[in-house]
Each structure stands twice: as structure tokens, then as C-alpha cells.
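Reader: I've got a model open and I'd like to learn how to read it. Can you walk me through a few features?

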Amino acid sequence: MAAKKDWAAAMRPLLRKYKGQKHPLEYHDVYQLLVMVVLSARSTDVHINAIAPTFFSAYKDMQALSGADAKDLFPYLKGVTNFGHKAEWLVKIAQQLKSNSAIPLDMEGLTALPGIGRKSANVILRETGRPAEGIMVDLHTIRVATRLGITKDEDPSKIEERMMKVLPREEWDAGMAMSFLGREICRPKPLCEVCVMRNECAYYKKK
Ligand code: SF4
């Protein structure tokens, strides 16, 4: 039987390159971070960065947002995937929290809010410097994790569970690091020849 792979060691080159790198969303406070994370699901960060300044000049904080109707937000969300639901979630969150200082910064509190799942919560905890309570898994992470051979599963919650099992907590930034690799190098058409993970990658070994 083959020895179990030491994923903590295997991930070192990736974490050396990306650990702690700031998220591409250009937020200026935790309120903006939360709003932009909700809006960015299935939309690009580039698009959300482009619409954010106008949105935040109209709704500068949770209090301002709590006085809006979801429909009021629509003109500011042009081109955002699923903008109707996202507008409803954001207004509900604002009505529930009422101020920026009430934003919960733990997994339980964040995932209790409408429109925020573990992926979004993991991003918010990471960007606000809170201790990791999970591993961020987005579409890029899924592609990289399956290619590397960490898992065959494409279900984000199973990938997160698997990674939390094989990596020590201090390396849980690996999900975001894999997302950065997936955006830059391990794209749908991968650039394996310049990838720091090629010595550890099942996909590359089979090529
Ligand atoms: S070696 Fe290729 S397939 Fe493997 S992680 Fe790097 S870019 Fe992706």
C-alpha cells in the first residue's frame, strides 16, 4: 500500500508564494468587504470592484443600507449575477445588524446571515485577520484541489472537510492560495511549466 501523502509538506511551495496575499476585492472596511463578498458570488471580482464606488457612495454603511428597499439597489448592481436575490440579502442583513460594528466576525454569526455561506464567511474571517475556522473553497480551489489529487470530490463542503483533515490549522490559508493559483496559473487551460506545484501534482504527473 502506498504511503499517505504529506499534504502539509506538499503545499509549502504554494503557501510560500501566496499565503496572506490580499484578496482582489478592493474594500476599505469590513462593511464594504461583507457587501462585496456577497455580490461577488458567481460574478467576477473585477466587475464588483468596478461597481463598488458608486454603490458605496449611495450606501456608505450598514445604517444607510438598512433604510433601503431591495429594488433601490438594482440600478447600482448592473451586470451582477443574481442581483435581485443579492439585493434582498444585503438589505435583510443591514436591517438585522443596523450598524457596521454589529457585523459578527465568527463562522457561526456570519453563516447565520442571509446569503453568506462558509465560502464567504471564510473570506471575511481571513481578510479581517480572525483565526481560521475553515478553508475557503471557490471554483478555482475546486479545480486546483482535484488536479493536485487532494480529492476527487467536486463538492465544496467535502473538499473543505478533506483539506481541514490533511492540513494543520496554521496552513488553512491553502484554500485561498489555491484560488490565487487557479486564477493565475492553474487556469482551465493550465500553465503547468511555470507552476510551483508541478512536482506535487497528479494531473502534471499523468501528462
Ligand atoms: S502543475 Fe498544472 S495542473 Fe498541476 S496545479 Fe500546477 S498548473 Fe495546475
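This is a predicted model: local features need pLDDT of at least 70, side-chain atom pairs count only at pLDDT 80 or more; totals for chains, interfaces and linings use all residues.

Reader: Into which domains is the protein divided?

Author: Bounds come from an automatic or database domain assignment. Here you get domain 1 (30-127) and domain 2 (136-206), with centres, taken over C-alpha atoms, 27 Å apart.

Reader: How many residues of each are in contact?

Author: Contact means that C-beta atoms, placed from the backbone, lie within 7 Å. Five residues of domain 1 touch eight of domain 2. The domain 1 side has one nonpolar, one polar and three charged residues. For those classes, Ala, Val, Leu, Ile, Met, Phe, Trp, Tyr, Cys and Pro count as nonpolar, Asp, Glu, Lys and Arg as charged, and the others, Gly among them, as polar.

Reader: Is helix 10 mostly covered or mostly open?

Author: Helices here are DSSP runs (H or I, at least four residues), numbered from the N terminus. Buried means 20 or more other C-beta atoms within 10 Å of the residue's own, again placed from the backbone; exposed means 12 or fewer, and partly exposed is in between. In helix 10 (139-148), eight of the 10 residues are buried, including His140, Ile142 and Leu148. The buried ones pack against helix 11 (156-166), helix 12 (174-184) and helix 13. After the helix comes glycine 149, with a positive phi near 100°.

Reader: How do helix 10 and helix 12 pack?

Author: Two packed helices are described by the angle between their axes and the distance between the axes. Axes are lines fitted to C-alpha atoms over the stretch in contact, with angles from 0 to 180 degrees between N-to-C directions. This pair packs at about 90°, axes 7 Å apart, so helix 10 and helix 12 are roughly perpendicular (65 to 115 degrees). Among the residues that meet are Val144 of helix 10 and Met178 of helix 12. By class, this contact has four nonpolar, five polar and two charged residues.

Reader: Which residues come nearest to the ligand?

Author: Near means a C-beta atom, placed from the backbone, within 6 Å. Of 14 residues around the ligand, Cys186, Pro190, Cys192, Cys195 and Cys201 come nearest. Helix 10 and helix 13 (202-206) each give two or more residues, and helix 10 has the largest share, three. The shell has 12 nonpolar, no polar and two charged residues.

Technical notes: Residues are numbered from 1 along each chain as its sequence is written. Two residues are in contact if their C-beta atoms, placed from the backbone, lie within 7 Å. Angles under 35 degrees count as roughly parallel, over 145 as roughly antiparallel, 65 to 115 as roughly perpendicular and the rest as oblique.
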